[in-house]
Amino acid sequence: MNIMYKRIKELASLNQVSIREIERCTGLPNGAVYYWKHGQASQKAIVAIADYFNVSADYLLGRIDKDE
């Protein structure tokens with residue numbers, strides 16, 4: 001499973017928000033986050049999700065383990 005997808009799911013659960021709500025609030029198409037389970041997201045989409053959760057793109061991408 002893609003680490004970014006896993007981290008988005010964890011953040012969604014912690015913040016008690018659905019994936020669909022995240023997609024709606026960030027302007028992503030319905031199903032975009034699920035697609036990333038096995039695919040790749042665009043840079044614009046990664047930044048939108050990182051901004052939504054107020055975390056770094058590096059955290060979402062698994063480049064760091066703890067968002068600082």
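Asp 58 is partly exposed, with a relative accessible area of 30% (buried means under 20%, exposed over 50%, partly exposed in between, with a 1.4 Å probe and protein chains only). Its salt-bridge partner is Arg 63, with the closest N and O atoms 3.3 Å apart; Arg 63 is exposed at 65% relative accessibility. This is a predicted model, in which local features need pLDDT of at least 70 and side-chain atom pairs count only at pLDDT 80 or more, while totals for chains, interfaces and linings use all residues. Residues are numbered from 1 along each chain as its sequence is written, and side-chain values use heavy atoms, with hydrogens and water left out.

**Salt bridges**

- The count comes to four salt bridges, each defined as a side-chain nitrogen of Lys or Arg within 4 Å of a carboxyl oxygen of Asp or Glu.
- One of them joins Asp 65 to Arg 7, with the closest N and O atoms 3.4 Å apart.
- Asp 65 lies in the segment after α5 (57-61) and Arg 7 in helix α1 (residues 3-14), so this pair ties together parts that are 58 residues apart in sequence. Helices are DSSP runs of H or I with at least four residues, numbered from the N terminus.
- Asp 65 is exposed at 66% relative accessible area, whereas Arg 7 is buried at 8%.
- Arg 20 and Glu 23 also form a salt bridge, at 3.9 Å from N to O; both lie in helix α2 (residues 19-26), three residues apart, about one turn of the helix.
- Arg 20 is partly exposed at 40%, while Glu 23 is buried at 2%.

**Aromatic rings**

- Two aromatic pairs are found in the whole structure (ring centres of Phe, Tyr and the six-membered ring of Trp within 6.5 Å; planes under 30 degrees apart are stacked, over 60 edge-to-face, the rest tilted).
- Tyr 5 and Tyr 34 have ring centres 6.4 Å apart and planes at 80 degrees, so the pair is edge-to-face.
- That pair links helix α1, which holds Tyr 5, to helix α3, which holds Tyr 34, 29 residues apart.
- Tyr 5 is buried at 8% relative accessibility, but Tyr 34 is exposed at 55%.
- Tyr 52 and Phe 53 are likewise edge-to-face, with centres 5.0 Å apart and planes at 90 degrees.

**Nonpolar core**

- The largest nonpolar core has 21 residues, and those with the most contacts inside it are Ile 8, Ile 22, Trp 36, Ile 49, Phe 53 and Leu 60 (a core is a set of buried Ala, Val, Leu, Ile, Met, Phe, Trp, Tyr and Cys residues joined through side-chain atoms within 4.5 Å).
- Two or more residues come from each of α1, α2, α3 (32-35), α4 (43-53) and α5.
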